[in-house]
Amino acid sequence: MDKRFEEKLFKVLMLASLAAVLGSLFMVIAVIIWNGAPALTFSMITQTPKGGYYMGKEGGILNAIVGSLYLAFGSMILALIISLPAALSLQKDYIGKTKAAYYIRLSLDVLWGTPSIVYGAFGFIVMLYLGMRASLLGGIIVLTFLQLPIMIRSMEEVIKMVPSELKEASYTLGATRFETTTGVVVRQALPGIVTAVLLAFGRGIGDAASILFTAGYTDSLPHSILDPVASLPLAVFFQLGTPFPEVQARAYASALILLLIVLALSITSRALSKRFMKNIIR
Amino acid sequence: MKNHISIRNVNAFYGEHQALKDITVGIPEKQITAIIGPSGCGKSTLLKCFNRLIDLTDGARVSGKIIVDGMDVLDGSIDVTEVRRRMGLLPQKPNPLPMSIYDNVAYGPRLHGTADKKKLDQTVEKYLKIAGLWEEVKDRLKSPANKLSIGQQQRLCLARGLAVEPEIILCDEPTSALDPVSSQHIEQQLLKLKNDYTIVIVTHNIHQAIRLADYVIHLYLGELVEHGTANEVFENPKEERTRAYINGTLVTDMKTDSEVNLKGNVCPFNFVYAKQALHTLEKGKILKLIVDDPTAVIEVPRGMEADGHEVLSVKQVNKTDWEIMIRKNE
């Protein structure tokens with residue numbers, strides 16, 4: 001085949017697949033905005049629902065916004081606290097070269113692919129056994145489990161990329177493994193760690209199935225960590241299921257709010273990443 | 001001359017491959033010792049044994065003793081961090097840490113317990129000055145170390161290594177990634193530092209060894225070939241292999257006037273071709289022969305010498321090939 005033709009063909013193919021991806025994403029966003037924007041009023045984000053989430057055409061979805069933020073941030077922080085040490089321990093300086101590490105990675109990969117309803121069902125059974133009601137706490141814990149494999153594996157990937165010369169430099173100055181890990185490895189991997197956290201946050205805030213049984217749903221704001229909470233994905237789910245067009249439009253508006261929250265967080269984390277990038281050794 | 005590091009019967013293995021074979025040698029105090037030899041001869045491995053950095057290599061094993069100040073570095077029960085603190089390492093490629101210039105130098109002292117800001121400031125200034133970098137960076141100590149030029153980064157690494165107050169400085173081909181000016185800079189700093197530190201430099205640059213070294217250790221394929229003061233080794237090597245290595249390295253830098261590739265030829269043809277090639281050259285010109293026949297490596301130089309030409313060097317360039325440099329006489 002003619003080399004120049006080959007070159008052209010591949011360029012066209014690459015651009016075509018890019019266009020397919022961007023096109024479908026754009027359509028999703030367009031549909032959400034088209035249907036949701038008219039219903040997005042100020043009261044949507046400042047009031048709790050009036051007349052029930054299924055039938056109600058009045059009030060807002062403040063309960064779901066607050067609930068989702070509690071659930072997502074709570075689980076993100078909890079997952080981060082567990083994931084970072086776990087990912088660091090998978091370095092070759094610690095247990096990374098062992099057979100156990102291989103199986104840990106394998107099971108994390110399997111867990112990553114596990115449907116979230118499985119997490120939800122598992123959490124629900126455990127909560128039943130413990131005699132717990134659907135609550136913010138239950139939701140946070142199940143979402144944490146959902147986020148752990150994502151966080152640990154993506155953090156581990158960036159930690160693995162830290163050049164061994166950097167670690168050696170630290171070791172030759174008389175640093176211990178712990179000092180090298182906290183002082184050099186985490187610093188160098190920080191932008192990647194932020195990305196990993198964001199990835200997991202996105203999964204957490206957007207997931208409906210795992211919190212369906214574990215966090216429940218309610219029209220009111222939670223007053224304690226043991227109260228059930230509403231969430232945006234479930235608000236979309238329930239409102240979309242009604243026969244009333246007005247309520248369905250509110251589902252799109254809820255989706256739009258969810259989208260905006262994720263967008264805001266993405267932008268913030270990018271800005272953060274950029275700050276951390278300054279010292280990185282390339 | 002007092003030895004600072006005594007190496008006794010050191011063997012090192014990477015899996016099945018033996019990288020160091022029963023090395024016993026002393027490294028004199030407060031002098032520059034150059035470890036020379038071709039690539040893959042175990043120079044860097046020996047250096048890595050000193051500060052136990054070899055522990056980080058998978059499948060590496062070391063036996064024997066390396067005594068520093070009465071302490072056996074290879075003893076499994078000693079505190080490795082303390083050993084490493086006593087030896088600064090200047091790496092082949094500068095490896096600044098992902099932090100500011102200031103924090104790079106302060107990193108070591110902080111690890112070892114200096115928290116006082118004023119004291120840290122003084123330490124940073126002192127060692128940046130010793131490394132010859134202070135004037136260039138004093139106004140931007142807070143800026144990231146990765147913004148420095150590569151030569152500056154290497155001096156920063158020197159300052160960082162010195163800041164933990166080592167007694168020994170290990171240099172692993174410290175100028176191989178640098179431009180000539182930066183290399184010269186580093187060499188000058190090392191010459192100044194030898195009054196206060198024992199310096200060990202691994203280099204495959206003979207010129208650099210001649211410029212810097214007081215004492216020379218020649219390794220070849222994991223074996224200790226020769227060691228002695230720089231004068232002895234460079235002026236009058238006892239071992240033929242050392243002479244060949246030194247001459248060979250120096251001659252490769254010489255201009256060759258003609259080059260003949262005799263790979264795949266056997267004796268006596270390569271002999272004849274070499275003779276013909278020399279015949280066409282003028283007196284005093286240099287011919288480079290490349291041969292891969294083991295007999296030719298010995299016989300061709302001998303034959304050419306018998307013809308009255310001068311054999312400048314015989315050097316193995318890779319697993320199969322040898323380079324023979326001959327100057328035409330008569």
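1. Two residues are taken to be in contact if their C-beta atoms, placed from the backbone, lie within 7 Å. On that criterion, 21 residues of chain A are in contact with 24 residues of chain B. This is a predicted model, in which local features need pLDDT of at least 70 and side-chain atom pairs count only at pLDDT 80 or more, while totals for chains, interfaces and linings use all residues. Residues are numbered from 1 along each chain as its sequence is written, and chains are lettered from A in the order in which they are written.

2. On the side of chain A that touches chain B, the elements giving two or more residues are helix 7 (164–172) and helix 8 (177–206) of chain A. Helix 7 of chain A supplies the largest share, 7 residues. Helices (H or I, at least four residues) and strands (E, at least two) are DSSP runs, numbered from the N terminus.

3. By residue class, this side of chain A comprises 8 nonpolar, 7 polar and 6 charged residues. Ala, Val, Leu, Ile, Met, Phe, Trp, Tyr, Cys and Pro count as nonpolar, Asp, Glu, Lys and Arg as charged, and the others, Gly among them, as polar.

4. Chain A contains 11 helices and 2 strands, in the order α-α-β-β-α-α-α-α-α-α-α-α-α from the N terminus. The C-alpha trace of chain A spans about 70 × 65 × 35 Å along its principal axes. Of the contacts in chain A between residues at least 6 apart in sequence, 75% join residues at least 24 apart.

5. Chain B is assigned domain 1 (3–239) and domain 2 (254–327), with bounds from an automatic or database domain assignment. The centres of these two domains of chain B, taken over C-alpha atoms, are separated by 38 Å.
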